[in-house]
Amino acid sequence: MKQNGTHEKEALGLYLHIPFCLSKCNYCDFCSFAVKGDFSTVQQYVDALCNEIAAYRYLSRKYELCTIYFGGGTPSLLSVEQLSQVMDVIYKTFSVSRYTEITLECNPGTTNEDKLAGYKGCLVNRLSIGLQSVSNERLKRLGRIHTYEQFLEQYETARKVGFQNISVDLMSALPGQSLKEYETSLKTVIALAPEHISSYGLIMEEGTPFYTDKTIWESLPEEKICVAMYERTGELLTGAGYEQYEISNYCKPGMYSRHNSSYWIGTPYLGVGLNASSYLQGEEIIPVLKVEEAGRMLRFRNGDSMKEYLLCYGNRAGKGEALSAIDEVAAYQYCSRQWREIEVLSDNDRMEEFVFLGLRRLEGIRLADFEQRFQIPFRTIYQKSLRKHINLGNLMRYEKEGFKYVALTPQGMLISNQVFVDFMF
Ligand code: SF4
């Protein structure tokens, strides 16, 4: 409680899914649709999204937004007017502080100077640009809509209009990509000095054009080249003053992604829009919960059918009334009836998740945090797995500022999924 008697609100992350792209990339299995020149659905979706956000006003009793993240899809397909419409509803629905990190994912080839300046005017203070590679040949094979030159133009324009926090995404282990070519991508991006760089290895996802193309499988780099790419990422980026704070994420000092970091430290978040996931505490007013489940942490997601989403949250949702006009509790209950795959997390689920997410971060798990959260020492639960992976050189123990930590070693990071398996119940 604050000194003036008011209650401190808890931190909440807000994720907004914008499921539209100009065309589908060959490797992508995200929930996104190619707009094919028809932007009318985008406006209908934005209207529905605004209704959904407004219907969550009940949550503002307890939470303050610490981060807002527009992900996709391609959020930079939104016009400035559409973004402003969504931001207006967010500000009317939730408490947002001037320190709130507001990120928007951008794809090169979808913005110009006016648009980027407009986004800035809508209080977006962080851009995450999907570049993936500086090789135009590689970009074409990935099915990206842009060239390196278009990326550069977008990046420079973003700087010009005043964005001081930009992240650039790269990909490694791409078909036909050599170590040298990957290094060129890294060095070229480092020379631009963005505040944040992510680099993820390609995952061949079922159902994508890549997955069914034999020539793609044949042109993937060998395992040892992929390992070398991962190691060069660390060497080149840390050598250039970036800190690795998660397996695939690097930043200039202090410029980590607060939104993604909040996932890794277990901050609750609300996902709105198609297929968006949420992690929230169950409330007794939620009709689908049993009495004993209230108070537990829940994980759930929205459905992925555009037709159903527009029906649920279109302008005349809920017994013929505009959702925003229904009483806060009833509106929240309406939303909860749309949730899919609701998981009520047990203590074991939460411990597993705490360890899995904690170990993804370079600093690892602070043992005192584990004990405080679960009222039991980390070693009591995980002694066997801990000993095994310390002996194998995959985990290390260390102390910082009087606190004990367990973290992955560089070797452990390369096989992190194999280590995590031993920490599951
Ligand atoms: S731009 Fe991103 S979300 Fe859209 S198809 Fe490509 S990878 Fe998928």
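# Briefing on a predicted model

The mean pLDDT of this protein is 93, and 96% of its residues reach 70 or more. Residues 1-5 fall below 50 in pLDDT, and this stretch has 3 contacts in the model beyond near neighbours in sequence. Where pLDDT is low, the predicted coordinates should not be read in detail. The model is a predicted one.

**Nonpolar cores**

- The largest nonpolar core contains 81 residues.
- Leu 12, Leu 14, Leu 16, Leu 49, Val 86, Ile 129 and Leu 270 have the most contacts inside this core.
- Helix H1, residues 40-55, gives the most to the core, contributing 8 residues.
- Val 86 is in contact with Leu 16, Val 46, Leu 49 and Cys 50, when neighbours within four places in sequence are left aside.
- Another core, of 13 residues, lies apart from the largest one; Phe 354, Val 355, Phe 378 and Phe 423 are among its members.

**Helix H1**

- H1 has 16 residues, which at 1.5 Å a residue should span 22 Å; the end C-alpha atoms are 23 Å apart, so the two values agree.
- The buried residues of H1 are Tyr 45, Val 46, Ala 48, Leu 49, Cys 50, Asn 51, Glu 52, Ile 53, Ala 54 and Ala 55.
- Strands are included in what covers these buried residues, namely E1 (10-18) and E11 (269-272).
- Helices H2 (80-93), H10 (306-313) and H11 (328-336) are also included in that cover.

**The E9-E10 hairpin**

- Strands E9 (residues 243-246) and E10 (residues 249-251) run antiparallel and are joined by 3 bridges.
- The two strands form a hairpin, with 2 residues between them.
- Tyr 250 in E10 stands opposite Gln 244.

**The sheet of E15, E17 and E16**

- An open sheet is formed by 3 strands in the order E15-E17-E16, with antiparallel pairing.
- E15 (365-366) and E16 (395-400) are the edge strands, each pairing on one side only.
- Between E16 and E17 (residues 403-408) there are 6 bridges, in the antiparallel sense.
- Arg 397 has Val 406, in E17, as its bridge partner.
- Helix H14, residues 378-391, packs on this sheet and touches E15, E16 and E17.
- The direction of H14 makes about 120 degrees with that of E16.
- In a regular strand the side chains alternate between the two faces of the sheet.

Conventions:
Residues numbered from 1 in each chain as written. Predicted model: local features only at pLDDT ≥ 70, side-chain atom pairs only at ≥ 80, totals over all residues. Core = buried A, V, L, I, M, F, W, Y, C linked by C-beta atoms within 7 Å. Buried ≥ 20, exposed ≤ 12 C-beta atoms within 10 Å, placed from the backbone. Helix = DSSP H or I, 4+ residues; strand = E, 2+ residues; numbered from the N terminus. Contact = placed C-beta atoms within 7 Å. Expected span 1.5 Å × (residues − 1). Pairing = 2+ DSSP bridges. pLDDT = per-residue confidence, 0-100. Axes fitted to C-alpha atoms, helices over the stretch in contact; angles between N-to-C directions.
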